[in-house]
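Trainee: Could you take me through one part of this structure up close? I would like to follow a single residue and its surroundings.

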Amino acid sequence: MKIRLAEERDIPGLNRLLRQVANVHHEGRPDLFRGNVKKYTDEELSALLKDENRPVFVYIGEEERIDGYAFCVLKRTAGDNILTDLRSLYLDDLCVEETKRGQHIGRTLYEHVLRFAKEQGCYNVTLNVWSCNPSAMGFYQALGMQPQKICMEKILD
């Protein structure tokens, strides 16, 4: 097991997992999410992997296969009228290969992200989780995360 920053050569493995995440969202909310797609084009991924403020960590398993990832965004709240000035790490996306779930890969990636955020002087780690994904909500709550804010909707007929 090894966790490292993602590289260009990891794009095919990232794409495989990005499709898995997209399908989870599509199954939960087909009214919002398309099926059989991925979040980024290869060009967007390539640019993202070069952005120091958007680190992507990969969990390398057997046979050098990417068994998980964590897409992160370093943010700073500065000069806001109501929010305090602080540095934060937003966990944009965390995924573990479907066939590898339950093996603590997600927890290991999450703990790596926490250590990285502390090293970067971050005050907190935040993320969004869709309510149609109760297993993800339970996972993050089991890791000690708690709601910071709640987004609500009313679908109009």
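Mentor: Arginine 29 is buried, because its relative accessible area is 15% and the cut-off for buried is under 20%. Keep in mind that this is a predicted model. Where does arginine 29 lie? Look in the loop between α1 (11-28) and α2 (42-48).

Now look at what surrounds arginine 29. Setting aside residues up to four places away in sequence, arginine 29 touches Cys132, Glu153 and Ile155. Take Glu153 from that list. The side chains of arginine 29 and glutamate 153 make a polar contact at 2.5 Å. The pair also counts as a salt bridge, at 2.5 Å from N to O. This bridge links distant parts of the chain. Arginine 29 sits in the loop between α1 and α2, while glutamate 153 sits in the segment after α4 (134-142). The two are 124 residues apart.

How many salt bridges are there by this rule? The count comes to twelve. Arginine 107 and glutamate 111 meet in a salt bridge at 3.9 Å, N to O. Both lie in helix α3 (residues 105-119), four residues apart, which is about one turn of the helix. Arginine 107 is partly exposed, because its relative accessibility is 34%. Glutamate 111 is partly exposed too, at 34%.

Next comes arginine 76. Its salt bridge is with aspartate 85, and the closest N and O atoms are 3.2 Å apart. Arginine 76 has 53% relative accessibility, so it counts as exposed. Exposed means over 50%. Salt bridges can also join up into a network, as with Arg16, Arg65, Asp67 and Glu97.

Finally, turn to the nonpolar residues. The largest nonpolar core has 23 residues. Leu89, Leu91, Leu94, Leu109 and Tyr140 touch the most other members. At least two residues each come from β2 (56-60), β3 (66-77), β4 (86-96), α3 and α4. Helix α3 gives the most, with six residues. Leucine 89 shows how such a residue is surrounded. A second, separate core has 17 residues, among them Leu45, Ile60, Ile66 and Cys95.

Go back to arginine 29 to finish. Arginine 29 is buried, and its side chain meets glutamate 153 in a salt bridge.

Note on methods: Residues are numbered from 1 along each chain as its sequence is written. This is a predicted model: local features need pLDDT of at least 70, side-chain atom pairs count only at pLDDT 80 or more; totals for chains, interfaces and linings use all residues. Side-chain values use heavy atoms; hydrogens and water are left out. Buried means under 20% relative accessible area, exposed over 50%, partly exposed in between (1.4 Å probe, protein chains only). A polar contact is a pair of N or O atoms within 3.5 Å; within protein, one must be able to donate a hydrogen and the other to accept it, and residues adjacent in sequence count only if both atoms are side-chain atoms. Contact means heavy atoms within 4.5 Å. A salt bridge is a side-chain nitrogen of Lys or Arg within 4 Å of a carboxyl oxygen of Asp or Glu. A nonpolar core is a set of buried Ala, Val, Leu, Ile, Met, Phe, Trp, Tyr and Cys residues joined through side-chain atoms within 4.5 Å.
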